[in-house]
Amino acid sequence: MVFRFGGRMVATSTQGLIKRLGPGVITGAADDDPSGIATYSQAGAHAGFGLLWTVVLTWPLMMAVQSVSARIGRVTDRGLAANMCRSFPRPVVLGAVLLLFVANTINIKADLAAMGAAVAMLVGWGEVFFTFLFAIVSLLAIVFIPYSRYVGFLKYLTFSLFAYVGVVFTAHLDWRAVGIGALVPKFALDKETLTLVVAILGTTISPYLFFWQSSQEVEDEEGDDEAGPLKDNPEQAPRELTRIGWETGIGMAMSNLVAFFIILTTAATLNANGKTEIESTQQAAEALKPIAGEAAFLLFSLGIIGTGLLAVPVLAGSAAYALGEVRSWKVGLEHDYGDAKPFYLTIAVAILAGLGVVLLPIDPIKALIWSAVLNGVIVVPIIGFMMIVASRREIMGEFTATVWQRVLGWLTLAVMAAAAIGMFVLM
């Protein structure tokens, strides 16, 4: 009888988990944005299989820091920036948030430019026109369409990224070299390679994702009449913390799996044929030719556009959540514009500011990679702030970060700090 009862409860719990998968999976999908695609592609072209180990390393680190950010939101019913203000002077937090805003604006610019270039590659004209069009469409969709419905459509476009997995079955691979590249951390100690390592870390473990997932946990909790902050409703903790663990693990695994195969694909197709520098969207798209032929450009464009449309609201929204929490505004993508004007105006400023630098003569691929490098630098102090918040009992009550989250969280900070310092020394 105990077995039958336990089996029934496990089945019910599993169904509930599947139905409630949300912020963690969406965060993972948004992580493979155009900046990520470009960075992973350049890594495979530049170093072959030699940098595969970076996305193997980042999976447990990413899972730890993202689950910590989600935990903070769900336990306290406050976003990450609001909780940082409870532990650090408000001007310090505001400085970190402004750095996030600048980084996100540059990332938005790079993503929008890449989306415009991807369409222009297909139709032969209109790179700037389509870039502006995507910016306006993204802004209008954020303001007038509930994000939950918006994501429901866009998530299907991201499936085109799994084409990179298919290339593995068509290209000749040296599996011994693949295994060594995935499991043995080594790289050339030069400026270009170390900059790529920082870019991979920065586009995989991005600061905007911390603020986003934490705030989305708050929105999900506030949208459920039966839910409440775990600090005040500890009986809900087993279910909710289990859900956060499952969905964050799944979301980050999907993100890193795609990253792994993008590096693998470009290594097997571009690097193997002597193309070690990607300078245009056309060159990046050529990695998909073994499986898609002339349709490679279309498949690549779908991936860039789908992930870009998914990521731009996350980038702009995370900056608005963070600034709004520091300034005590009403925040949330499910609110009407009239109820949260400063929040939505911040989103508009982030997108339009990013759009304002589109006309600068910067190659979209290089812009995407350097936006990832910038994320890899500013994420270091933000991880430190987040780990301190997650360890304080006066904020988290009995639900402070677990031992494994603390160990991996601080290890993440150490790894990313070391990579950033090394890059600056070599520069």
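**Salt bridges and burial**

Modeller: Keep in mind that this is a predicted model, and that the mean pLDDT of the protein chain is 84, with 88% of its residues reaching 70 or more.

Biologist: Why is the meeting of R243 and E217 called a salt bridge?

Modeller: The side chains of R243 and E217 come together at 2.8 Å, N to O, and because the cut-off for a salt bridge is 4 Å, the pair qualifies. R243 belongs to helix α13 (residues 237-269) and E217 to helix α12 (residues 207-222), so the bridge ties together parts that are 26 residues apart in sequence.

Biologist: How do you know whether R243 is buried or exposed?

Modeller: Buried means under 20% relative accessible area, and R243 has 3%, so R243 is buried. E217, at 0% relative accessibility, counts as buried by that rule too.

Biologist: Why is E394 called partly exposed?

Modeller: The label covers values between 20% and 50%, and E394 has 46% relative accessibility, so it counts as partly exposed. Its salt-bridge partner is R392, with the closest N and O atoms 2.3 Å apart, and R392, at 26%, is partly exposed as well. Elsewhere, salt bridges that share partners join R74, E217, R239, E240, R243 and E247 into one network.

Conventions: Residues are numbered from 1 along each chain as its sequence is written. This is a predicted model: local features need pLDDT of at least 70, side-chain atom pairs count only at pLDDT 80 or more; totals for chains, interfaces and linings use all residues. Side-chain values use heavy atoms; hydrogens and water are left out. pLDDT is the predictor's confidence in each residue, from 0 to 100. Helices (H or I, at least four residues) and strands (E, at least two) are DSSP runs, numbered from the N terminus. Buried means under 20% relative accessible area, exposed over 50%, partly exposed in between (1.4 Å probe, protein chains only).
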